[in-house]
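Let's take a look inside a protein together. Have the sequence and the 3D view ready.

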Amino acid sequence: MDKNLHQTLRRVSVAPDELAVCWLGQAGFLLKDSEGNRLVIDPYLTNCGERIRGFKRLSPILLAPEELEVDYYVVTHLHFDHFDYEAIPQIARGVKAPLFLGPSSCQEQLSSMGIAPERRRRLDRGDSYQDHAVHIQAITADHGDMAPDAIGVLVEMGGCRAYFSGDTAFREEIIREAAEYKPDIAMLSINGRFGNMNAAEGAEAARLCGARYGVPCHFWTFAEHGGDPGEFCRLLENNGSCAPLCFRQGEIQIINGKQELQYRKESA
């Protein structure tokens, strides 16, 4: 576990019209704006997958659940590497109680965990949530019968727009839906198994959605997962319309919604 990431996330400085983006591994990302508002999506912070499915985690855990300090906690579907069955109850009991957002199946599970209705918001496809800090829009994802109400997520925060594909097969109509939002950056699952896009499909999704930067994710966490971020980056570099951006796990990048991406990295 990275003993310094918790403090790094606290101290990272974010200017207006900027957004700090940290990759937590797998499909998990944490966002922080200039006002200190924080949003996390699909963090996998435990080894619950080994207990539930026998999927041994190969990548490090970067934050303990009790260290996660966020205002908004978004889950795209019920699979354990997105809906962390062991971390969520701990986070819900923490000092900083976030608002949990996700589709109906996730809301039912959150309710069964004793999380009060006022701390939950349903976010099915077409639903949105907005307050002074964020606008969150749920769009279509195609994860088949494995997760029939899985969603993709569009987030506007800190003057920046981000698209999170969640777990989905490549469908051009899905990517066209995301493109209407004009994202600055797109985080795309590329493991190529269990109904998800592979690297080539992820690169094409990055191009089609019109993002300035394409980020590969959802790879190398388990031996059962594939994924080739090198191919993803190579294909985007050859295309030229969307720049590839690979994160180290725990790396923080500062995104500016009005200018080029700033390669200002915060080291733990």
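Below we go through the core and then some aromatic pairs.

This is a predicted model, where local features need pLDDT of at least 70, side-chain atom pairs count only at pLDDT 80 or more, and totals for chains, interfaces and linings use all residues. Residues are numbered from 1 along each chain as its sequence is written, and side-chain values use heavy atoms, with hydrogens and water left out.

Let's start with the core. A nonpolar core is a set of buried Ala, Val, Leu, Ile, Met, Phe, Trp, Tyr and Cys residues joined through side-chain atoms within 4.5 Å. Buried means under 20% relative accessible area, exposed over 50%, and partly exposed in between (1.4 Å probe, protein chains only). The largest such core here has 56 residues, and F29, L39, I136, Y163, F164 and F232 have the most contacts inside it. A second, separate core counts 27 residues, including L63 and I91.

Now for the rings. Phe, Tyr and Trp rings (for Trp, the six-membered one) pair if their centres lie within 6.5 Å; planes under 30 degrees apart are stacked, over 60 edge-to-face, and the rest tilted. That rule gives 14 aromatic pairs.

| Pair | Centre distance | Plane angle | Type |
|---|---|---|---|
| F55 and F80 | 5.9 Å | 85° | edge-to-face |
| F55 and F194 | 6.0 Å | 50° | tilted |

How exposed are these residues? F55 is buried, with a relative accessible area of 9%, and F80 is buried too. F194 is partly exposed, at 30%.

Finally, W23, F29, F164, F219, W220 and F247 form one aromatic cluster.
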